[in-house]
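I set down each item as I looked it up.

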Amino acid sequence: MKKLLRMFKVRRDEWPEAAIMLLMLLTLHAAVIARHFDQFTQTGKGHWNIFVNNFTVSGFDPITYSVITYWEANYNVYRHPFLAFIVWPLSQINKWVMEATGVNIVQFLVAVPLLLCAFYTFIFMLRIFKDILRLERFDAALLSLMLFSFAYVMVSAVVPDHFCVSMFLLVFTVYVSGLKIQAGTQFKIWQTVVLFFATAGVTLSNGIKTYIYSLFTNGRKFFRPKYFLFAVLLPAVLIWGFARWEYRTFVLPKEKARAELRAKKTAEARQKLFNAFRDTTSLKDSAEIVKAFNAEMNRRVKAKYLRDHKKPWNRHTGKPIAKGEFMQWTDATTSRVSTAVENLFGESIQLHKDYLLQDTLRSRPVIVPYRWAVNYVIEAAVVLLFIGGVWFGRRSRFMWMVLCGFAFDMLLHLGLGFGINEVYIMGAHWLFVLPVAMGFLVKAVQGSRAENRLRQLLVVITGWLLAYNLTLFIGYLL
């Protein structure tokens, strides 16, 4: 435990860079809180509608605000099995404060863990570059700052969603894995279990990456019966069983109650419409009245179906690969090429001025082009630097480890189409791989004539992204 706590002690030589990052994060949090301070400090029965209807930053959901205001297991329990219970202590603190003062401090309570997660993401990125890749201090700071210049790392760090927490847990796991690869040691069973429950408990798919990282760290020992049974299979079964229990205990009863209430209201409304139809129609035969009424109701249902399919939440969602409990989240029709250019390596890294931070389920088209050619130049430069870093790091087990985690995300989003219509909001899960790969490129040119030129290029890109994204994001908030 002491060794773990020492890892979170900020080193003396890290404070200058860390202080700059802390100042930027505090500024952004202040802007987010100020935007909705008057609305969200209120309490009342309509808290869910207050948050959902008024918090509009891209596709991020303010579910955490609602859960901490009045605790319920409102997250998707299969994708975020532990998240509701992780924030439960915050909900209790908020409950005490609301009862004592009548003020809802949910924004401040959410900001604290987000601030810590973003701050320590920066710290552990610094250490990945300095301790594992052995880069110079300036290059380590520059590449760490580049990560937070990416649009949806910057945004994820301060909005009330789970992505910043996931990013921290993944970067921390990558750092620990890198140290073990460097030292030639392996994960113990209990270490893998703790990391798996931490990462998968927040977002289930991140648990797969923990197993990928432990596979590269432990090598063939990953498949030893004892390790594979107790560190891999058993935790996976337990967390899935917990998610099923959570669904049956907290979610299913409410779904049944809502379905029954909806059916009751539908029946009452239908009966009311039938009574009105019967009183106004010129038909006399009861069978003819019922037949005519049913035809009218079918016409209305069809008209509503056509109206709904014209709305953004329907029109901007592609057709799933197959029907089913989980396959319904996939997308087989949204263009992969346009998505990669404008969203995956576009919006994730540079905000679009048009439809700035709007939601695809409300008003933003799925594909939005940039106004300026310079945005595509920057995007191309980032992608080429990433590819160059992968090439120069191709002999590194550490590089292949983080790249396989990245490949898993690409399989989910570009392959299966999971969340592809707003793929950029999940950028915090994989964007840290880009500067890590670039670190191998920086390492490869150390001591050569190209070193200063590459450093200058990285400074220009990072400076542009910081100025461009900060200006648009703060302008949007204020």
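Predicted model: local features only at pLDDT ≥ 70, side-chain atom pairs only at ≥ 80, totals over all residues.

I took contact to mean heavy atoms within 4.5 Å. Residues are numbered from 1 along each chain as its sequence is written, and side-chain values use heavy atoms, with hydrogens and water left out.

Entry 1, cores. I first looked up the largest nonpolar core, which has 134 residues. Such a core is a set of buried Ala, Val, Leu, Ile, Met, Phe, Trp, Tyr and Cys residues joined through side-chain atoms within 4.5 Å. Buried means under 20% relative accessible area, exposed means over 50%, and partly exposed lies in between (1.4 Å probe, protein chains only). Ile128, Phe398, Leu434 and Phe473 have the most contacts inside this core. Helix H7 (residues 106-132) gives the most to it, with 17 residues. Helices (H or I, at least four residues) and strands (E, at least two) are DSSP runs, numbered from the N terminus. Leaving out residues up to four places away in sequence, I found that Ile128 touches Leu133, Val171, Val174, Tyr175, Phe398 and Val436. Another core, of 5 residues, lies apart from the largest one; Val77, Tyr78, Ala243 and Val251 are among its members.

I noted that the axes of helix H17 (residues 373-392) and helix H20 (residues 450-477) come within 11 Å and cross at roughly 130°. H17 is therefore oblique to H20. Axes are lines fitted to C-alpha atoms, for helices over the stretch in contact, and angles run from 0 to 180 degrees between N-to-C directions. Angles under 35 degrees count as roughly parallel, over 145 as roughly antiparallel, 65 to 115 as roughly perpendicular and the rest as oblique. From H17, the residues in contact include Val374, Ile378 and Leu385, and from H20 they include Leu454, Ile461 and Trp464. By class, this contact of H17 with H20 has 12 nonpolar, 1 polar and no charged residues. Here Ala, Val, Leu, Ile, Met, Phe, Trp, Tyr, Cys and Pro count as nonpolar, Asp, Glu, Lys and Arg as charged, and the others, Gly among them, as polar.

The axes of helix H2 (residues 15-40) and H20 come within 9 Å and cross at roughly 25°. H2 and H20 are therefore roughly parallel to each other. Met24, Leu28, Ala31, Val32 and Arg35 of H2 meet Leu466, Leu470, Phe473, Ile474, Tyr476 and Leu477 of H20. I recorded 10 nonpolar, no polar and 1 charged residues in the contact of H2 with H20.

The C-alpha atoms of Glu347 and Tyr424 are separated by 6.0 Å, although the two are 77 residues apart along the chain.

Phi of Arg134 is near 60°, a positive value in a residue other than glycine; at 52% relative accessibility, Arg134 counts as exposed. Leu357, in the loop between H16 and H17, has a positive phi near 50° and is buried, with a relative accessible area of 1%.
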